[in-house]
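Please consider the structure shown below.

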Amino acid sequence: MSKDFEIVVEGEFPGDPEQMWDAITQNTAAWLFPTDDMPGVDLVSERPTHHVNRMEGPDGWFNQLEQVIEPRPGGHSFLRCVHSGVI
């Protein structure tokens, strides 16, 4: 039985939008995707404000990460990250 899920995390972080973009799109931790077994697809890549990456598999499941980055005063950024899918 499959189940939809959505996890939303958001907050202000030190670093400008370019630094945040690099942090979420380069040299990610091993637990993030894409993986070697199942590559992800960048659905949206609007540097440095919006990124969506998605993996899809058999039987209709998917795993998707969406990040929206907004500049804030003082060299900070607001990040909204939505992890959604069907497992």
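Predicted model: local features only at pLDDT ≥ 70, side-chain atom pairs only at ≥ 80, totals over all residues.

Residues are numbered from 1 along each chain as its sequence is written, and side-chain values use heavy atoms, with hydrogens and water left out.

The model contains an open sheet of 5 strands in the order 1-5-4-3-2, with antiparallel pairing. Its edge strands, each pairing on one side only, are strand 1 (4-14) and strand 2 (41-46). Here strands (E, at least two residues) and helices (H or I, at least four) are DSSP runs numbered from the N terminus, and two strands pair if DSSP finds at least two bridges between them. On average, neighbouring strands of this sheet are turned by 10 degrees against each other, direction ignored. Axes are lines fitted to C-alpha atoms, for helices over the stretch in contact, and angles run from 0 to 180 degrees between N-to-C directions.

Helix 1 (residues 17-25) packs on the sheet and touches strand 1, strand 2, strand 3, strand 4 (62-72) and strand 5 (76-86); contact means heavy atoms within 4.5 Å. The direction of helix 1 makes about 165 degrees with that of strand 4.

The strands can now be followed pair by pair. Strand 2 and strand 3 (residues 50-56) run antiparallel and are joined by 5 bridges, with Glu46 having His50 as its bridge partner. Strand 3 is joined to strand 4 by 7 bridges, and the hairpin of these two strands has 5 residues between them, where Asp59 takes a positive phi near 65 degrees. Between strand 4 and strand 5 there are 11 bridges. Their hairpin has 3 residues between the strands, and Gly74 takes a positive phi near 75 degrees.

Side chains of opposite charge can pair when their charged atoms come close. A salt bridge is a side-chain nitrogen of Lys or Arg within 4 Å of a carboxyl oxygen of Asp or Glu, and by this rule the count comes to 5. In one of them, Glu10 pairs with Arg80, the closest N and O atoms being 2.9 Å apart. This pair links distant parts of the chain, Glu10 in strand 1 and Arg80 in strand 5, 70 residues apart. Another salt bridge joins Arg47 to Asp22, with the closest N and O atoms 2.8 Å apart. Glu18, Asp22 and Arg47 are linked in a network of salt bridges.
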